[in-house]
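The following paragraphs go through one protein model, element by element. Please keep the sequence and the coordinates at hand while reading.

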Amino acid sequence: VFDFIQEKSQNSDSEMYGNFNMGIGYAIFVPPELAKLAQQITKDNGFNSIIAGTVEKGPKQVIIKPKNLIFESDTLQVR
């Protein structure tokens, strides 16, 4: 759906990820050693999940490596 929206609207990757979050929905942050357990609990309750990234020390930002996108802290607000 989001690829279709992007194609028809001609929005950039940055706009699509920034405004639509590309359909990710919810995020749950757990210690790395609990990630697989969290995924199993999610699956057991009828939902799909992915391990989408890591939290690291440093400036507050979101990096989407495959798209070479960086959202700095001042852009990480509800739009």
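In the hairpin of S1 and S2, four residues lie between the strands, and Asn68 has a positive phi near 55 degrees. The model is a predicted one, in which local features need pLDDT of at least 70 and side-chain atom pairs count only at pLDDT 80 or more, while totals for chains, interfaces and linings use all residues. Residues are numbered from 1 along each chain as its sequence is written, and side-chain values use heavy atoms, with hydrogens and water left out.

Strand S1 covers residues 61-64 and pairs with S2 in the antiparallel sense over four bridges. Two strands are said to pair if DSSP finds at least two bridges between them; strands (E, at least two residues) and helices (H or I, at least four) are DSSP runs, numbered from the N terminus. Ile64 stands opposite Leu69 in S2, and Val62 has Phe71 as its bridge partner there. Leu69 and Phe71 make up the covered face of S2 (residues 69-72), whereas Ile70 and Glu72 make up the uncovered one. In a regular strand the side chains alternate between the two faces of the sheet.

Lys67 forms one with Asp13, and the closest N and O atoms are 3.6 Å apart. This pair links distant parts of the chain, Lys67 in the loop between S1 and S2 and Asp13 in helix H2, 54 residues apart. Lys67 is partly exposed because its relative accessible area is 38%, where buried means under 20%, exposed over 50% and partly exposed in between (1.4 Å probe, protein chains only). Asp13, at 26%, also counts as partly exposed.

Asp13 has a further partner in Gln6, with a polar contact of 2.8 Å between the two side chains. A polar contact is a pair of N or O atoms within 3.5 Å; within protein, one must be able to donate a hydrogen and the other to accept it, and residues adjacent in sequence count only if both atoms are side-chain atoms. Gln6 lies in helix H1, residues 2-9, and is buried, since its relative accessible area is 16%. The side chains of Lys8 and Glu7 meet in a salt bridge of 3.8 Å, N to O; both Lys8 and Glu7 are exposed. The count of salt bridges comes to two.

Gly18 is another residue of helix H2, and with 23% relative accessibility it counts as partly exposed. The C-alpha atoms of Gly18 and Gln77 are separated by 9.3 Å, although the two residues are 59 apart along the chain.

Ile28 is in the loop between helix H2 (13-20) and helix H3 (35-44). Its relative accessibility is 69%, so Ile28 counts as exposed. Together with Val30, Leu34, Leu37 and Ile41, Ile28 forms a nonpolar surface patch with about 460 Å² of accessible area.

As for confidence, pLDDT is the predictor's confidence in each residue, from 0 to 100. The protein chain has a mean of 90, and 97% of its residues reach 70 or more. Among its elements, H3 has the highest mean pLDDT (96) and H2 the lowest (88).

Conventions:
Patch = residues over 30% accessible without salt bridge, like charges linked within 9 Å, V, L, I, M, F, W, Y side chains within 5 Å. Areas by Shrake-Rupley, 256 points an atom, 1.4 Å probe, with all protein chains shown as cover. Salt bridge = Lys/Arg side-chain N within 4 Å of Asp/Glu carboxyl O.
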